[in-house]
Every structure is written in structure tokens, then in C-alpha cells.
Amino acid sequence: ASDAEWKIVFFHHPPYTSSSRDPNGVVRQQVVPLLEAGGVDLVLAGHDHHYERTLPMQGGCVAQPDDTGITYIIAGAGGAGLRGDVTPQFWHAASDDTVHSYVRLTIHGCVARGEAVSAEGEVLDSFELGGC
């Protein structure tokens, strides 16, 4: 029910993942509809040991260009062993399962700019999201 310009949610199990670990069905069925109803812009999760960013999602599908969708990011490549088992799915925008990394996010007004950065400082993925 927040009226914040940006609604960013953090939790552990990702509802969308391209790893061999199946997406969490309970989260997808019970939590995602609440996130969509609440106007969430971005979800940051862990659990899977890789980096991944989805296309904006709405109702279990890739959002249409004029629709509002939620981008889901898995930032799980920070320290534990990497699994190296990502097989892109229909929601897949970017991923890396070969190097340890972190996600850097900067928000200025209604624009968020993010990067997945390897432990060596290489930018693996960059993206821009519109909120507000």
C-alpha cells in the first residue's frame, strides 16, 4: 500500500530462475500476485548461486511494452560456489553463472541504473529501469 516512488522488495527464493533449481512455485503463486497488486518495480533475491535479470514480468508472462512489469534480479553469485547451470527461459534478459559478482544499483528520481559487476570489476550486465 506504499505510495513510494520506488517499490523494491528483497527476499531469498526467486520466483523466476533459469537455473536447474526450479523457480519457487509457492513464492510465484502466493507472493507474486501481491507484489503486482502493490505496484512493485523491482525484486532482488538470492538463493541460486548465479546472477540473473528477468525481462519485466506481469501475470506470469513477459510484460507488454505499455504494461507495468516487475524486474526480478537474482544476486546470488557473491561468495558460495557457483553452479554453472543456467539455461535461459522465456523471461531471461541477462545472466552469468561463471564468475562471482555483485549488483550495484543507483536511483535518481524515476530512473534506476544497475550493473552486475564481477569480483574483478568487469561489468557483466547493465540495465536501466523506469519507476514512479
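Reply: The largest pocket has a volume of about 160 Å³, taken as the space filled by probe spheres set on grid points joined across faces, edges and corners. A pocket here is an open set of points on a 1 Å grid over the protein atoms alone, where a 1.4 Å probe fits, with protein on both sides within 12 Å along at least five of seven lines; lining residues have an atom within 4 Å of a point. This is a predicted model, where local features need pLDDT of at least 70 and side-chain atom pairs pLDDT 80 or more, while totals for chains, interfaces and linings use all residues. Residues are numbered from 1 along each chain as its sequence is written, and side-chain values use heavy atoms, without hydrogens and water.

The lining of the largest pocket draws on Trp6, Asp41 and Pro56, on Asp67, Thr68, Gly69 and Thr71, and on Leu129, Gly130, Gly131 and Cys132. By type, these lining residues split into 4 nonpolar, 5 polar and 2 charged, with Gly counted as polar and Cys, Trp, Pro and Leu as nonpolar.

Two of the lining residues, Leu129 and Gly130, bring us to strand β10, which spans residues 123–130 (a strand is a DSSP run of E, at least two residues, numbered from the N terminus). With 49% relative accessibility, serine 126 counts as partly exposed, the class between buried (under 20%) and exposed (over 50%), for a 1.4 Å probe and protein chains only. Beyond its neighbours within four places in sequence, serine 126 touches Arg53, Gly114 and Glu115, contact being heavy atoms within 4.5 Å. Leucine 105 lies 21 residues away from serine 126 along the chain, and their C-alpha atoms are 9.8 Å apart.

Strand β10 belongs to an open, antiparallel sheet of 3 strands, ordered β8-β9-β10 (strands pair if DSSP finds at least two bridges between them). Because β8 and β10 each have a single partner strand, they stand at the edges, and one side of each has no neighbour in the sheet. Between β8 and β9 (residues 111–118), which run antiparallel, there are 8 bridges; one example is valine 103, whose bridge partner in β9 is alanine 116.

Strand β8 covers residues 101–108, and serine 101 is part of it. Serine 101 is buried, at 9% relative accessibility. Leaving out neighbours within four places in sequence, its contacts are Tyr51, Ala77, Gly78, Val117, Ser118, Ala119 and Leu124.

Tyr51, one of those contacts, points us to β3, made of residues 51–54. Strand β3 is part of an open, mixed sheet of 5 strands in the order β1-β2-β6-β3-β7. In that sheet, β1 (8–10) and β7 (92–96) are at the edges, each with a single partner strand, so one side of each lacks a neighbour. Antiparallel β3 and β7 are joined by 4 bridges, and threonine 54 stands opposite histidine 92 in β7.

Glutamate 52 also sits in β3. This glutamate 52 is buried, with a relative accessible area of 1%. Apart from neighbours within four places in sequence, glutamate 52 contacts Thr17, Ser18, Tyr72, Ile73, Ile74, Trp91, His92, Ala94 and Ser95. Serine 2, 50 residues from glutamate 52 along the chain, has its C-alpha atom 27 Å from that of glutamate 52.
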